[in-house]
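Please find below a short note on the model you passed along, written for reading beside the coordinates.

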Amino acid sequence: MDIPLQVIELDGLTLRRFDGAADLPELLRVIEESSEHLRPWMPWVAEHSPARTADFLDRRAECWADGTEYTYAIVLDGAMVGICGLFRRDDTPADGREIGYWLHPAATGRGLATRTARAVTEQAFRLPGVEFVEIAHDSANRASGAVPARLGYTEHLRRPAERLAPAETGEDTVWRLTRPRGAAGS
């Protein structure tokens, strides 16, 4: 089975598979420094703790091995600045995957999320049988929506969503990119 690359080099930006407990101190720092920036949109921030973050990191190797989720540390000039994941939700058809991402506030506005999502989209299409990739975000989160728009994703649908974070509206926008014709992995 083709699987996503474990390390992706993007000219000063590196996406790399997490290294378990070795990444805990740096990931905790990035989350702590980003918590106010993330809190409006990311419900998990309200329950963030060192124990939960350690558990998250502990599960990364298993998820990678069983193919349920490929999670990358986003590293800029040697420092972790965020996370990007490639996964399939329980209600997603088998031929689809979703990408989620977040960045430290000091790393926003520089095209890093776009570069990251482009690279992870390419990795998704390496997986056998994957015909589309989606990016979903609260409809009011314009910054998150700008990324798929720049990458050529099209708005696929809007769906009701439970309001779990303070700024969420209760509606998600789902963007979709279909595998290019003739691309490998079809």
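Predicted model: local features only at pLDDT ≥ 70, side-chain atom pairs only at ≥ 80, totals over all residues.

1. Thr 53 belongs to helix H2, which spans residues 50-66. Its relative accessibility is 5%, and because buried means under 20%, Thr 53 counts as buried. Once the neighbours within four places in sequence are set aside, Thr 53 is in contact with Leu 24, Leu 27, Leu 28, Ile 31 and His 48.

2. Gly 96 is part of strand E5, residues 96-103, and with a relative accessible area of 0% Gly 96 is buried. Not counting residues up to four places away in sequence, Gly 96 touches Arg 88 and Phe 132. Gly 96 and Thr 178 are separated by 82 residues in sequence, while their C-alpha atoms are 9.1 Å apart in space.

3. Which residues of helix H4 (residues 142-150) are buried? They are Ser 144, Gly 145, Val 147 and Pro 148. Viewed down the axis of H4, these buried residues fall within an arc of 145°, so they line one face of the helix. An α-helix has 3.6 residues a turn, so residues three or four places apart point the same way. On the other side of H4, Arg 142, Ala 143 and Arg 150 are exposed.

4. As for the surroundings of this helix, the buried residues of H4 pack against E5, helix H3 (112-124), strand E6 (132-138) and strand E8 (171-178). H4 is followed by Gly 152, for which phi is positive, near 90°.

Technical notes. Residues numbered from 1 in each chain as written. Heavy atoms only, no water. Helix = DSSP H or I, 4+ residues; strand = E, 2+ residues; numbered from the N terminus. Buried < 20%, exposed > 50% of the residue type's maximum accessible area, 1.4 Å probe, protein only. Contact = heavy atoms within 4.5 Å. Arc of directions from axis to C-beta.
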